[in-house]
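This short report looks at a metal site and at the sheet and helices around it. Please keep the sequence and the model in view while reading.

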Amino acid sequence: MIRPILKMGEPSLLLASASVEHFDTPELHALLIDLEETMQAANGAGIAAPQIGVNLQVVIFGSDRTNPRYPDAPVVPKTVLINPVITPLDDKAEEAWEGCLSVPGMRGSVVRSLRIHYAGFDQFGTPIEREAEGFHARVVQHECDHLWGILYPMRIRDMSKFGFTSVLFPELDDNADD
Ligand code: NI
């Protein structure tokens, strides 16, 4: 079921989410179906459970295809990530534009770790462990931030690099529902 996406200003987006304790349950599978359908409908690069009002440590991201909201970004593998732990692999950082389904119509430039190791579980409790860099690493860091109650505007260092997508990137075709 496509669920309403909570927008910045909603207090529950600022809460730390609880870890998932039971895997492969009907409730967890239903949550993942809702996340997937909601992300697809909004052309999201990822979505976190708190964005649909569920404060559990569950994110999904990736699409195995190019995302129309980020046409120049590399394809990120479709992933379910639960109870994630992110570790930067070194001190290198990269600044790039981000958007968020909870901050519609806007983009901001955010510094993120360039290379990370991330670990967690899928919906069946199978461990996931990967290294990622660039856009893939950025998506993981952005989505997991939602689980700690952090929205990307809270990470913008230079507020002159925060604005409306329609002004910053008029060539993007999705400005209506971004
Ligand atoms: Ni977001």
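## The nickel site

The nickel ion has as its protein donors Cys-100 (SG), His-142 (NE2) and His-146 (NE2), which lie 2.1 to 2.3 Å from it; donors are N, O and S atoms within 2.8 Å of the metal (3.2 Å for Na, K and Ca), and water is not among the atoms, so sites may look incomplete. Along the sequence, these donor residues follow the spacing C-x41-H-x3-H.

His-142 and His-146 both belong to helix H2 (residues 134-147), where they are four residues apart, about one turn of the helix. Helices (H or I, at least four residues) and strands (E, at least two) are DSSP runs, numbered from the N terminus. Both His-142 and His-146 are buried, meaning under 20% relative accessible area, with exposed being over 50% and partly exposed in between (1.4 Å probe, protein chains only).

E1 pairs with strand E2 (residues 58-61) in the antiparallel sense over three bridges, and Ile-47 stands opposite Ile-60 in E2.

## About the model

This is a predicted model, in which local features need pLDDT of at least 70 and side-chain atom pairs count only at pLDDT 80 or more, while totals for chains, interfaces and linings use all residues. Residues are numbered from 1 along each chain as its sequence is written, and side-chain values use heavy atoms, with hydrogens and water left out.

Methods: Pairing = 2+ DSSP bridges.
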